[in-house]
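The report below describes a protein model through its sheet, its helices and a few side-chain features. Please read it beside the sequence and the coordinates.

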Amino acid sequence: MENNCLIIAAAGNDSNRPALPMPVSAPANAVSIMAVAAIDSQMQIARFSNGGLNASTGGDINVCAPGVNVLSSYPKKSANSGNYQILSGTSMATPHVSGLAALYMEQYPDLNAREIWELIEEHAKPIENLKYRDVGKGLVQVIREE
């Protein structure tokens with residue numbers, strides 16, 4: 001952040017919910033890095049998604065994005081495999097947030113990294129019945145200018 005660089009990282013996939021949520025993993029547990037949790041198509045926290053259990057040390061969730069059953073590019077392993085695969089993880093949710101940050105940086109070129117971070121959180125949609133520790137400010141949203 002001191003160098004005007006917004007770093008966005010996956011919160012981690014160590015949880016076994018609902019019984020055992022685990023804390024945000026490194027590097028997303030750093031206060032200067034935006035931590036992204038994963039939700040599914042039913043707007044529920046993904047069973048594997050880590051949570052903000054150590055907010056006092058920077059290990060909190062900032063926002064969430066779709067991270068379950070996401071169609072993603074994937075390297076070919078044999079002549080029979082395709083270039084895409086359905087994957088799940090906070091690493092599948094994080095590109096949604098990174099892409100949104102890039103759109104905001106293009107749309108608002110005078111904003112610095114901290115202000116883009118605040119814009120992402122400010123416009124996130126809270127998710128009813130889910131805890132802040134699990135989804136932060138909520139599901140990322142694109143700002144619509146009319």
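## A buried strand residue and its sheet

At a relative accessibility of 12%, I33 counts as buried, where buried means under 20% relative accessible area, exposed means over 50% and partly exposed lies in between, with a 1.4 Å probe and protein chains only. The model is a predicted one, in which local features need pLDDT of at least 70 and side-chain atom pairs count only at pLDDT 80 or more, while totals for chains, interfaces and linings use all residues. Residues are numbered from 1 along each chain as its sequence is written, and side-chain values use heavy atoms, with hydrogens and water left out.

I33 belongs to strand β2, residues 33-39; helices (H or I, at least four residues) and strands (E, at least two) are DSSP runs, numbered from the N terminus. Leaving aside neighbours within four places in sequence, I33 is in contact (heavy atoms within 4.5 Å) with I7, I8, A9, P27, A28, N62 and W117. One of these, I7, is 26 residues from I33 in sequence, yet their C-alpha atoms are 5.2 Å apart in space.

Strands of a sheet pair through backbone hydrogen bonds, either parallel or antiparallel. Here three strands form an open sheet in the order β1-β2-β3, and the pairing is parallel; two strands pair if DSSP finds at least two bridges between them. The edge strands, each pairing on one side only, are β1 (7-10) and β3 (63-66). From one strand to the next the twist averages 40°, with axes taken as lines fitted to C-alpha atoms, for helices over the stretch in contact, and with angles running from 0 to 180 degrees between N-to-C directions. Four bridges join β1 to β2, and I8 stands opposite M34 in β2.

| Helix | Residues | Strands | Angle to β2 |
|---|---|---|---|
| α1 | 90-107 | touches β1, β2 and β3 | about 125° |
| α2 | 113-122 | lies across β2 and β3 | about 25° |

## Side-chain features

The charged end of R114 sits over the ring of W117, 5.1 Å from its centre; the criterion is that NZ of Lys or CZ of Arg is within 6 Å of the ring centre and within 35 degrees of the ring normal.

For cysteine, a disulfide is a pair of sulfur atoms within 2.5 Å, and by this rule the count comes to zero disulfides. C5 is partly exposed, with a relative accessible area of 41%, whereas C64 is buried, at 0%.
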